[in-house]
Amino acid sequence: MATSSGLLASYEYLDSTVDAIEALRKAGFEQIKAYTPYPEAHIEAALGYDQSPIRVWTLVSALTGTATGFAFTVWTSVDWPLVVGGKPMVSIPAYVIIAFELTILFGAIGTVIGLFVLSRLPSIKPPVVYDPEFSSGRYGVYVEAESARLDEARKIMNDQEPVELREGEGEADA
Amino acid sequence: MADNTGMSDGIKRRDFLKVVGVSGAGATLAGCSTGEVERLLPYVNAPDDITPGVSTWYTTVCDGCSAQCGMWVRTREGRAVKVEGNPNHPVSEGGLCSRGHATLQHLYNPDRFSGPMVREGDVLRQGTWEEVEALLAAQLGAANGVMFIGGRMGPSLDQLVDTFVTAIGGTRVNYDAVSDAPLREAARIAYGGSGLPRYDVENARLLLSFGNDFVETGSSPVAHNKGLARMSAADPAGSKGRFVFLGPRLSLTGQNADEWIPIRPGSEAAVALGMASAIADDPSAAGPYANVLQSYTPVTAAQASGISEDAIRELAERFSAEAPSLAMGPGVGAHHRNATAANLAVMILNHVAGNVGRTVYYDAQVSGASSSYADMEGAIAEMASGQVGVAMIHGANPAYSMPPAAGFAEAFAQVPYKVSFASAMDETSAMADLILPDRHFLEAWGDSAPRAGVMAIQQPVMQAVPHFESKQTGDVLLSVATQLGNDPGAATFFEYIQARHRAAHDPATGDFDTAWRQALRSGVAAQTAATGPQPELQVPDTALDFAVPLFDAPGDLTLLVHPSARFGGGEFSNSAWLQELPDPVSKIVWHSWLEMNPVTAEARGIREGDIVTVTSAHGSLDVPIWLYPGIREDAVALAMGGGHTGMGRYADGHGVNALTLLPSVSEQPSGGLVTIATSVTVTPTGERRRIATIAGSDDQHDRPIAPAVALADLGQDHEEDEHGELRELQGVGGFVPVPAEGGGAAAFPLEGARHGEYADAHEGPRWVMAFDLDKCTGCSACVTACQAENNVPWVGEEQVLMGRDMNWVRIERYYEHVDATQAGDLDIRFLPMICQHCGNAPCEPVCPVFATYHTPEGVNAQIYNRCVGTRYCANNCPYKVRVFNWYRYTDDIPEPLNWQWNPDVTVRDNGVMEKCSFCMQRIREAENRAALEEGRDVRDGEIIPACEQSCPAEAIVFGNIRDPNARVTQIISSERTYRALDELINTQPAVHYLKKVTFHDVASGEHE
Amino acid sequence: MGIATDPTPRGALAHPDVENYDEVNRDVLRALETPGKGWWALLGLMVAGIGVFFGAWGWQLYKGIGVSGLNSPVGWGVYITTFVFWVGIAHSGTLISAILFLFRAPWRQSIYRAAEAMTVFAVMTAGLFPLIHVGRLWHAYWLIPYPNSRFLWPNFKSPLVWDVFAITTYFTVSATFFYLGTIPDIAAARDRATGLRKKFYQVISLGWRGTDQQWHHFGKAYIFLAALAAPLVLSVHSVVSWDFAMTIVPGWHATIFAPYFVAGAIFSGVAMVITLVVPMRKIFGLEAYLTTKHFDAMAKLCLLTSLIVLYAYMSEFFLAWYSGEEIERTAFWNRAFGDYWWATWIMLTCNGLVPIMLWFKRIRHSIPAMFVISIFINIGMWFERYVIVVTSLHHEYEPFAWGIYRPSVTEMCILFGSFCWFGFWFLLFTRLLPPIAIQELKEVMPAPMRRPRTEAH
Amino acid sequence: MRKQWLIGGLPSVLALGLVAFVQGGGQEGEQVADGLTVDYPSGQPIAFPHNQHAGSEAGQNNMDCMFCHYSAERSVDAGIPSVNTCWGCHQAIPGANNPEEVAKILTYVQNNEPIPWVRIYKVADHVHFPHMRHINAGLECQQCHGEVQEMEVLNSRDKAWGGNNMGWCIECHRQPDETGKPQASTDCAVCHY
């Protein structure tokens, strides 16, 4: 892989950020990363995201919870049969509650695990290209390209009057 | 506390061997098993009759009161753990009262003297037996004027004491606060015999009690209780004996009556004679008492008693019509100044009604020594005047049980040398210079003759409790007599008794030793045939006053002092079991109360719990009020037995001594203590206290808990009992019809409950219990029996006030109809409430850890060591029969009281729920025994829970409902069978009740 | 190309007085700066209270549960009352954050962080009470299904075991939800903080950087968690209510209980939120973020739930009478006019009458009034549980076994201590985590645009 | 593809966890020792060698357990021999190996005192263990008490049964008999009441 370096522009305005991203993608830059202080639908759209796979994690783990709930309660009540209150050994209505709670519990845990896996959290690596302002008011666009095309990228980004434009060396954390 | 170690670490319910370890030289090794190393102490000489872990039973006689019931004592590894009624004994026929059970706590009473005591200045120091006997001999030798104050004692000891006292030229008096002297005297005057009349309660069709509390006190409570239950039980023919109570206050006995005629205090004689005159066509029927009869008519009776003439006349008619009838004269609870006359009047009534020889018998023979208050008055005079050099006290506690007005304590203090034979400290012994602690009757030899023709041997059931160096008084007297140089003719009291019986033995009936062994085995010596022809009325040798006696002024309320159903005259007070046994009438524990009619109270602005000052001419005391509809508006009642000052940790400071209010008068001519003697004034102190009662509401609130059925309705299937079918949701199985009323064996288990059964449980037994409420008299014997059997702790007054009483059996008492103003029907319902062992138990499914669940045998089990203590089960128990260990109550139990613990029952730990287990340990024991005999099944009647065993009224039956021939199956096939609350909440209890049968038709109580 | 944004007049905005994103960070994170004396004083008080709490509990463990006033028939008292009370409090948090999130309620952003924190700490408090009230704490772990040498398992038919599952699940999920939502804000705090605090935030922000990819998954995960939490909120208090409704105790055994309890929980929870945010707003000067709009909305929520609760009370009494069932009737007659009439009437006043004031806009918009009313509601809701637990138990089926329950000093100490325990954690929260959701606030603020807004292409 | 692996992996991990969790059941048990802290023989008043009496080796006496523990087959308690039982034989048998220990018996006989043996085997107070039911069901003493006849020194650590480990009892009770049902009841109230 050819040595590549990146450019980090921080913008004050949302629309300029969006325009910059769109322009860059039009120009064929693929390695684009955006920083925002809050989830910004327009930018996600500009980067062309589709559905997040989180939902699969949630579904599978939730169903596992349901299955566990029923299996466990039924198994324990036949393992050592004890009659209480003249009820049947296996009282499904009661066990529904356990199954329900486990569904939620497993589902939630699964979702969080999924999130951490997919969004590379927690990440202990110190940020290579980052600006504290991104958590406050600024939007950031980081583009990575072979040295050859850097100038092209710099031009596109400058068109949108960034507050600041830095040249970040080396790989940004993938 | 480590996981899995469950109950009460440190408490070793099974460290039995330390007890048997002391067999032999009586060397005490108790306390040897401390620290984390547990010691096993084997026998030195293994006794043949004891197998570790197997109970050994001995027969003996209960020496608790004059009734002298037969006893069966269960011993484990040489210590007595449970006393039960001996079915072979003709008096008690297997029943035993609460007091009888509590004698076990007196045996292990931690306040017993550790040994013989000698006074040095203000302190008592312990001496050796040799020393104290020498001391006594010396004193007796030197003394001028020896007096022996005795209590009730068996014939042999009685004779020994007589010979002893005469030998040393002393005088002897007997005293028992609760004596039946007036009855005895009346019998002597009327019939010449010196015995007590014997009542055949069972066979009476109409029973009249003139203030005779024969169920709880009197000459033979258990026997009379049994008699009443049998009499009032409706027989298959649909007939039932009727019980009418005449008296100013409903005692426990009165509460069992079908009718209450609330006559004025002291008017028994007038009423009895009025009835007699109405029955007898001409006065001559009364023989020598014709003149008496002439002066009395129903009219005079009505005036004297405050009851309408018609009521008396009508009662008189029934009394002669419904033969055989029976009238019982005023008992120990109704001794007024003319008590002898009143008793005699009742004898006349029985005579004219022709009951003598049919339901009442006059025997010539006398049991024990008759005791007289009058003699005590004499004795006090002598002591006060310094004529007594040595006074010996045995089996009596006059310093407590005589009215302070009598001045006993002062006079006794005058005596230079005072000797007590009390085994535990009491008010009188506290003054003694020399104490020679007697043995408890369970450790000692003795004999008893409760009534004509009945003779039983009282044998020791265990080694003397090693904590106490006690010696049987008989033996002491014998050795002292020898030291004094007069030969009693026997070395030990055992030989003395045996000699007497050998002499009395008729060789024709066979060899004496065989007879003796037989007597010990069966618990009763061969009894002679019943009494012969009945004597005729004799001309009275003393003048008698049949009028209503006077009551000491001032005061607007008559004070009724009566012996307590729990403490008698106070001799039973130092027992935690009895202190915590809810009084059968008031349901109050630990403290005293003044009974007052709500109407009276309201008129005076007095509320329940108000502390009032009760003042008579002779004394006054403060006591809280308990409102009781069962007492006349012009009377208040106070029970004896409270207010001890020097008897022991469980008696002292609890309640008040009713005798404080009484004058020191003896009834003439009998010389008995007068207990209904004075009027009192009642003034609120302004203070209040909470009543330590277990009673919530006395009203059923129309709930199907203790319903009744009218005698007339028996036999015809009445509609209102048909509740149609319940429809019960069966888990996921949809709705299934369930019969609302419990049926017999065929109907069991009910459809609705069947799905709860274990797959393999259908051939096994299914334990159920039946209570016949028509028999139950609410005497509460089962409560104490259960407490003794199941290691149920007592919790003390404070805890009961917080609502934390622990008893597994709760005798509920509901008023249905009580009218203290006129003669009429009475309806008070008793219901022994225990765990109902529901088929659909609400307590079970809520327990998060299966600590309570249903066994295949249909028992609702409580696994103590699994219990976490959420108390959810108790909340969800509609019968409220689950009790919780809020603290580790067993920690407070001092040696050697814990020797009484049942080794077969786990001692429960702090934070654990408990309840009736159907005496699971007895079920297991029976199963083990059956299995040992080539694996047969348990037979019906082999398993008898503690409550059933002890019930004098035979109201409780336990058994396997799957066995169609079992007693319980037979009984619950009755049409009277119902199950509490079942038709409302479909709990399908295993405990069945049989409705009480009333003569009046039932309105309330039968809900809807 | 570009963004099409409609012009929005500032007045319609949630926070008209907030100029830009940086201001949000500044204002909110100011709360995290070194605390004043007042805060330390409060914290001291709370710590003292916690001392009382565990002191009383220790005493009870040493002596036995008998140091409480409990008895038979009243086996449950202040402990279970307070347990249900705190579980109830715990509900509004997740309700506001999850359900209102799903319904996109515009007023939740600035209160839900505090509400969620409250939820977590309330569950932490509630969770202690089942342990406090059992007779043998050292065996309480038997309720947890763990494999053991006895081959024994808990009884899954018992509502108490349902509780164990419901409460633990609820705690896990709401805590996760709370933490997850805070991560971006922690990152924001990290970017401004210095020294030790920076280290601390660096760790707990898990290296959040707000990249498009992280936001993408974060948003989805958040929605799913909300979707899971929403039914959970409803289920948890239903399960708690079934502790009572599943029994046969008159006054407990009612099908209405689940919805009735859930409404009550939200009622008390929202009230508690108001009680907490009013002082917070003052102390940290967050007036711009917690506007009368928010209080108005919460007040309306209170009003609604109070009406539901009141309806539940009424229908219980009505049905008791209408059923003609003697035992049920006695139970409810006793509830209103029996030994504990005062508790019942406190409940009815605080939960039924006082909230009527919320019909008036002037009151809804007066912060002090809201504060006072919310306190009333808190008291009322505690007594509601007290009434349900105690009055139902002390007069049950068996008249002869009726009894009276008097709470003991120990119970009162533990009740008081539980509030301190809760307050302790909440105080820490206000100083350590952004008390208002920064990133969500920004979502509802107009994004900065270079081109004038009117011009759309 | 990593994604797929995780999606497949998560549930299987959970499932495995559950299985392990449940399987752990039998093994994990609280092996609470039963309060015996004193080291034997110093703990026992007399150094009584069980193997010498009950052992079947050459020179050992091969006695039946129930000669001394006389009530085991007819009572819930196995019973501890009375001093006389010991003396009955040892009057004649001075004890070849260590007579001084045997001589101790005499002192107890003369002082008419029981021998304070240290308890080795004890079930918790809330457990009821009827010896006779087990003996009559054909169990050997050794099945619970271990090979006592081979031990000179008895120690609670050597016993076969798991002390307070209820699972040890249950495993035996649960063994199916010929009909396939458990050979002994596992009803709680059989032992706990």
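Predicted model: local features only at pLDDT ≥ 70, side-chain atom pairs only at ≥ 80, totals over all residues.
Residues are numbered from 1 along each chain as its sequence is written, chains are lettered from A and ligands numbered from 1 in the order in which they are written, and side-chain values use heavy atoms, with hydrogens and water left out.

Me: Why is Y38(A) called buried?
Reply: Buried means under 20% relative accessible area, exposed over 50%, and partly exposed in between, with a 1.4 Å probe and protein chains only. Y38(A) has 3% relative accessibility, and therefore counts as buried.

Me: Which residues does Y38(A) touch, not counting those up to four places away in sequence?
Reply: A contact requires heavy atoms within 4.5 Å. Y38(A) touches L14(A) and Y139(A), and, in chain C, Y21(C), W215(C), Q439(C), K442(C), E443(C) and A447(C).

Me: What makes the pair of Y38(A) and Y139(A) a polar contact?
Reply: A polar contact is a pair of N or O atoms within 3.5 Å; within protein, one must be able to donate a hydrogen and the other to accept it, and residues adjacent in sequence count only if both atoms are side-chain atoms. The side chains of Y38(A) and Y139(A) make such a contact at 2.9 Å.

Me: How many disulfides are found over all chains?
Reply: A disulfide is a pair of cysteine sulfur atoms within 2.5 Å. The search of the whole structure finds 0.

Me: Are C302(C) and C172(D) buried or partly exposed?
Reply: C302(C) has 1% relative accessibility and so counts as buried. C172(D), at 31%, counts as partly exposed.

Me: How do you know that strand 3 and strand 4 of chain B pair?
Reply: Strands (E, at least two residues) are DSSP runs, numbered from the N terminus. Two strands pair if DSSP finds at least two bridges between them. Strand 3 (residues 70-76) and strand 4 of chain B have 6 bridges, in the antiparallel sense. They form a hairpin with 2 residues between them, and R76(B) stands opposite R79(B) in strand 4.

Me: What makes strand 4 of chain B mostly covered?
Reply: In strand 4 (residues 79-85) of chain B, 7 of its 7 residues are buried.

Definitions and conventions: Helix = DSSP H or I, 4+ residues; strand = E, 2+ residues; numbered from the N terminus.
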